[in-house]
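Visitor: Could you take me closely through one part of this model, the place where the two chains come together, and describe what is found there?

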Amino acid sequence: MVEEIQNKLQLEVDKYKAVQKDYHKALAQRQQLDGQLNENTAVKQELDLLRKDAEVFKLIGPVLVKQDLEEAKQNVSKRMDYIRSELKRIDDMITGLDKKQDAHREAINKLQQQFQLMQMKKA
Amino acid sequence: MATKEESVFPQVGQQIELSNLSLQQLTQLKQQLDQEIHVFLETSRTLKMAQTKFQDSNDCLEKITPDSEGKNIMVPLTGSMYVPGRVANGKSVIIDIGTGYFIQKDIDGAKDYFKRKVSFVGEQIEKIMQVSVEKSKLNKVVAQKIQLQLQAQLSSQQQSQQQEATKS
């Protein structure tokens, strides 16, 4: 009986650790996206400040390719929209993982209590 | 940066009474605070480096004037190899504004850009420093509480020991 609970506990802890790993991964991803969004926002601001006849280049591989200002603005806006949607997806994922983590933690607590009870009965 | 840990921000929303925490909880809180302060210091250091880079670029622009057109310069191909070149355009420069985009700006415009960036980064450093100072204060208070609790434990231990001694 004690062994059974121990096994269950181990299983639950393993699951918890896996969820925790996913959680941290999602968090890191979120941070990266946040940074990208910030960078794109700064670029958009800078592009908006430019006059219509300003020259804009895009770094493609090792060369600078001349770009249309309007096109560049649109591209950056599109990228920002994409990053925002990604952020939303990751945020949803994080809340989901948060709930999962809590559930696992609770399960572990319960099993631990059961385990302690068993030990006390034994003693 | 915004991690959703169990709220350790007493100033935000729920207030935590420090004296209600156990020694273990206090130590945990202190560890977390230490970690956070470390991250803040690291971040502000990185930001300062970025600020210096922008400032350097700004300083470089002082050297470029319309007069410098046609002047000879050494162009670095790698860090250790240079080829002679000539300034073709002394009126404008191309600056990297991030995500692979570069824009051409006249010298004054470029200076303005770098000045804005320097002050922007400065503001961010300022913000981080403020939070960091807050955290340091909290950290000190927590450290004091830990000290007090430890002393209390120690003296109660000594008392009980003395009592034992007088009994026997």
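Guide: Two strands are taken to pair if DSSP finds at least two bridges between them. In this predicted model, 4 strands form an open sheet in the order 2(A)-1(A)-4(B)-3(B), with antiparallel pairing. Its edges are strand 2 (63-67) of chain A and strand 3 (92-98) of chain B, each of which pairs on one side only, and neighbouring strands are turned against each other by 35° on average, direction ignored. On the chain B side, strand 3 and strand 4 (residues 101-106) pair in the antiparallel sense over 6 bridges, and B:Ile95 has B:Ile103, in strand 4 of chain B, as its bridge partner.

The contact between the chains draws on 23 residues from chain A and 16 residues from chain B, and the area buried between them is about 1800 Å², 57% of which comes from carbon and sulfur atoms. Within chain A, the residues that lose the most area to chain B are A:Val43, A:Glu46 and A:Phe57, which together account for 27% of what that side buries. A:Glu46 also meets B:Arg116 through their side chains in a salt bridge, at 3.0 Å from N to O; the rule finds 1 salt bridge across this interface, along with 6 residue pairs in polar contact, both residues being at pLDDT 80 or more. The side of chain A that touches chain B receives at least two residues from each of helix 1 (2-49), strand 1 (56-60), strand 2 and helix 2 (69-122), and helix 1 of chain A gives the most, with 10 residues.

Key: Residues numbered from 1 in each chain as written. Chains lettered and ligands numbered in written order. Predicted model: local features only at pLDDT ≥ 70, side-chain atom pairs only at ≥ 80, totals over all residues. Heavy atoms only, no water. Axes fitted to C-alpha atoms, helices over the stretch in contact; angles between N-to-C directions. Contact = heavy atoms within 4.5 Å. Buried area = accessible area lost by both parts, 1.4 Å probe. Salt bridge = Lys/Arg side-chain N within 4 Å of Asp/Glu carboxyl O. Polar contact = N/O pair within 3.5 Å; in protein donor to acceptor, adjacent residues only side chain to side chain.
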